[in-house]
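Visitor: Hi, could you walk me through this one? I'd like to start with pockets and then look at the backbone.

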Amino acid sequence: MIDAIIYTKDDGEYELLKGILLEEQKNAEVSRAVLDGFTHYDRPYDIAVIALEGAAGMNEALEIKERFPDTRILWVTSDEDFAQIAIRNHIYDLIKRPYELDRLRESIRNVVSLCPSRFLYQSDGKGDYMTSLQDLNREWMREHPVVGA
């Protein structure tokens with residue numbers, strides 16, 4: 001299961017981002033960051049979507065990257081000048097406002113596909129278990145060899 005957190009002050013934007021994350025990963029756990037002026041970095045997430053303007057967005061992105069280097073960060077901002085900061089700090093993607101919905105969806109789809117905790121629940125008749133998509137892909141490839149390869 002993917003664990004994601006969204007940093008935004010806008011309720012509509014939160015619902016949009018949460019909806020796209022859930023479209024891409026049905027059983028994702030999506031939280032909304034508390035934005036009360038205090039730091040709340042209690043644990044790592046697979047994905048952090050930071051949709052805050054100016055220095056507030058930059059500070060959140062850099063703080064999360066420093067504390068949790070494996071968290072993949074999507075940073076949404078209207079300021080193109082932050083692109084160099086994003087590149088230098090290995091931010092997964094910087095999405096410029098106003099964003100096109102297709103561009104946003106593509107970025108979320110791509111980052112979700114990279115998350116190592118993306119699992120599927122299956123049942124073998126004896127009980128439920130989890131398996132990774134990579135394991136399922138390897139099993140399918142063994143059962144369906146490519147002809148001529």
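Visitor: Which elements each supply at least two residues of the lining of the largest pocket?
Guide: β1 (3-7), β2 (29-32) and α2 (54-67) do. Helices (H or I, at least four residues) and strands (E, at least two) are DSSP runs, numbered from the N terminus. This is a predicted model, where local features need pLDDT of at least 70, side-chain atom pairs count only at pLDDT 80 or more, and totals for chains, interfaces and linings use all residues. Residues are numbered from 1 along each chain as its sequence is written, and side-chain values use heavy atoms, with hydrogens and water left out.

Visitor: And where does the largest share of that lining come from?
Guide: From α2, with 4 residues.

Visitor: Which residues lie nearest the centre of the largest pocket?
Guide: Val 34, Phe 38, Thr 39, Tyr 41 and Glu 60, out of 19 lining residues. A pocket is an open set of points on a 1 Å grid over the protein atoms alone, where a 1.4 Å probe fits, with protein on both sides within 12 Å along at least five of seven lines; lining residues have an atom within 4 Å of a point.

Visitor: Switching to the backbone, is the Arg 97 to Pro 98 peptide bond cis or trans?
Guide: That bond is cis, with omega near -10°. Pro 98 sits in the loop between β5 (93-96) and α4 (101-114). Most peptide bonds are trans.

Visitor: What is the phi of His 90?
Guide: About 55°, a positive value although His 90 is not a glycine. His 90 belongs to the loop between α3 (83-88) and β5.

Visitor: Buried or exposed, that His 90?
Guide: His 90 counts as exposed because its relative accessibility is 61%; the cut-offs are under 20% relative accessible area for buried and over 50% for exposed, with partly exposed in between (1.4 Å probe, protein chains only).
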